[in-house]
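Student: I would like to learn how to read the features of a model like this one, starting from the terms themselves. Could you take me through it step by step?

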Amino acid sequence: MSSEAEKNKGMVRRFYEAHFKGDLDAMRQMMAPDFADRSLFPGEEGSDREAYIRGVAEDLAAFSDIRFTIDDQIAEGNKVVTRYTERSIRRREFLGVAPTDMEGFSTGIDIHRIAGNKIAEEWSESNSVDIVVPALEQETRNRERIEQELSV
């Protein structure tokens, strides 16, 4: 593997480390000024660097006990592909869903494009919906129970 590919993989690993430590300044330094997030959730606004950083801060505020593992990482040319596993506990509302204080598990794949020794773009796919759906189901059961109690 080329030294450029190894260098790019190292940058992405440092980016993840900064992310999960909440070191937003370090993340900002690794991101190109014209960074673009190519994988927004429905209803999310802004794909630029500052919107991405705000999203990371919001995620870190909602989750605790985050354990992030890189399962595979491949680099070719100016792109790095990372397959990961993440475990965390949702302590605050996330995507409009009340906290569960239960551990959630997700897996995903991110693609980062490197330009000028900075992270210029990110595409991401994950099953994070698996964290939200059980909470939504629990919320629905709670509301049905309350409605039933109120009707008695």
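Tutor: We begin with the elements: helices (H or I, at least four residues) and strands (E, at least two) are DSSP runs, numbered from the N terminus. With that numbering, Glu93 lies in the loop between strand 3 and strand 4. This is a predicted model, in which local features need pLDDT of at least 70 and side-chain atom pairs count only at pLDDT 80 or more, while totals for chains, interfaces and linings use all residues. Residues are numbered from 1 along each chain as its sequence is written, and side-chain values use heavy atoms, with hydrogens and water left out.

Student: Is Glu93 buried or exposed?

Tutor: Buried means under 20% relative accessible area, exposed over 50%, and partly exposed in between (1.4 Å probe, protein chains only). Glu93 counts as exposed because its relative accessibility is 55%. Contact means heavy atoms within 4.5 Å, and, leaving aside neighbours within four places in sequence, Glu93 is in contact with Ala62 and Pro99.

Student: In what order do the strands of the sheet lie?

Tutor: Two strands pair if DSSP finds at least two bridges between them. Here five strands form an open sheet with mixed pairing, in the order 1-5-4-3-2. Its edge strands, each pairing on one side only, are strand 1 (31-37) and strand 2 (63-76).

Student: How many bridges join strand 4 to strand 5, and how many join strand 1 to strand 5?

Tutor: Strand 4 and strand 5 run antiparallel and are joined by eight bridges, whereas strand 1 and strand 5 run parallel, with three bridges. Glu121 in strand 5 stands opposite Ala36, and Glu121 is also the bridge partner of Arg113. Strand 3 (residues 79-90) pairs with strand 4 (residues 103-115) in the antiparallel sense over 11 bridges, and there Tyr84 has Gly108 in strand 4 as its bridge partner.

Student: Which residue's side chain makes a polar contact with the side chain of Thr82?

Tutor: A polar contact is a pair of N or O atoms within 3.5 Å; within protein, one must be able to donate a hydrogen and the other to accept it, and residues adjacent in sequence count only if both atoms are side-chain atoms. The partner of Thr82 is Gln73, at 3.0 Å between the side chains. Thr82 is found in strand 3 and counts as buried because its relative accessible area is 0%. Not counting residues up to four places away in sequence, Thr82 touches several residues, including Val12, Tyr16 and Ile109.
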